[in-house]
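Please look over the sequence and the structure shown here before reading the briefing that follows.

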Amino acid sequence: MRPIHTLVWHCSATPEGKHFDAKDIDRWHKERGWAGIGYHAVVLLDGTVQPGRPIEKVGAHVAGHNTGSIGYSYIGGVSADGKTAKDTRTPAQKATMKRLTIEAIRKYGLKRVAGHNEYAAKACPSFDIRKDELGNLEGFKAGRR
Ligand SMILES: [Zn+2]
């Protein structure tokens, strides 16, 4: 197993309320010339988790930081008109994202839980994880290195 110290959260950058899944993302990422889906898991609108790239394989989700990290994505992240970054997480997605984050902290001994926007000038995942419950779980501080 490769060492994993960081979980990076992403969004699919798709319009609020529109259903997409891991198969769609797999297709989009292949169209970019990647070896299939770059995330390790996808959280659907209803909170269902779909597996992406196997955890033991390095992902393709955060330029320069794929080694040592895993990348999870929720479906959404853009307003319904498709134009503006927006935190579109449903209550079911928030609950699943919290569960997945806690599981990853415990399983991999993560040192950091971050949003993609902490590594690049991007809106993704369309919220500030440092001010979010995900970045402040059980005394676990986002940004801890
Ligand atoms: Zn991202």
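Along the chain, the donors of the zinc ion are spaced as H-x105-H-x7-C, where donors are N, O and S atoms within 2.8 Å of the metal (3.2 Å for Na, K and Ca), and sites may look incomplete since water is not among the atoms. His 10 belongs to strand β1 (residues 6-11) and His 116 to the segment after β7 (112-115), so this pair ties together parts that are 106 residues apart in sequence. The model is a predicted one, in which local features need pLDDT of at least 70 and side-chain atom pairs count only at pLDDT 80 or more, while totals for chains, interfaces and linings use all residues. Residues are numbered from 1 along each chain as its sequence is written, and side-chain values use heavy atoms, with hydrogens and water left out.

**Zinc site**

- The protein donors are His 10 through ND1, His 116 through ND1 and Cys 124 through SG, and they lie 2.0 to 2.3 Å from the zinc ion.
- His 10 counts as buried at 1% relative accessibility, and His 116 is buried too, with a relative accessible area of 8%; buried means under 20% relative accessible area, exposed over 50%, and partly exposed in between (1.4 Å probe, protein chains only).

**Helix α1**

- Within helix α1 (residues 22-31), the residues Ala 22, Asp 24, Ile 25 and His 29 are buried; helices (H or I, at least four residues) and strands (E, at least two) are DSSP runs, numbered from the N terminus.
- Seen down the axis of α1, its buried residues fall within an arc of 155°, so they line one face of the helix, the arc being that of the directions from the helix axis to the C-beta atoms.
- Lys 23 and Glu 31, on the other side of α1, are exposed.
- The buried residues of α1 pack against β3 (41-43) and β4 (49-51), with contact meaning heavy atoms within 4.5 Å.
- Just after α1, Gly 33 adopts a positive phi of about 90°.

**Strand β5**

- Six of the six residues of strand β5 (residues 69-74) are buried, so the strand is largely enclosed by the rest of the structure.
- On one side of β5 the buried residues are Ser 69, Gly 71 and Ser 73, and on the other they are Ile 70, Tyr 72 and Tyr 74, so that both faces are covered.
- β1 and β5 run parallel and are joined by six bridges, two strands being paired if DSSP finds at least two bridges between them.
- Thr 6 has Ser 69 in β5 as its bridge partner.
- β3 and β5 also run parallel, joined by three bridges, and Ala 41 stands opposite Tyr 72 in β5.
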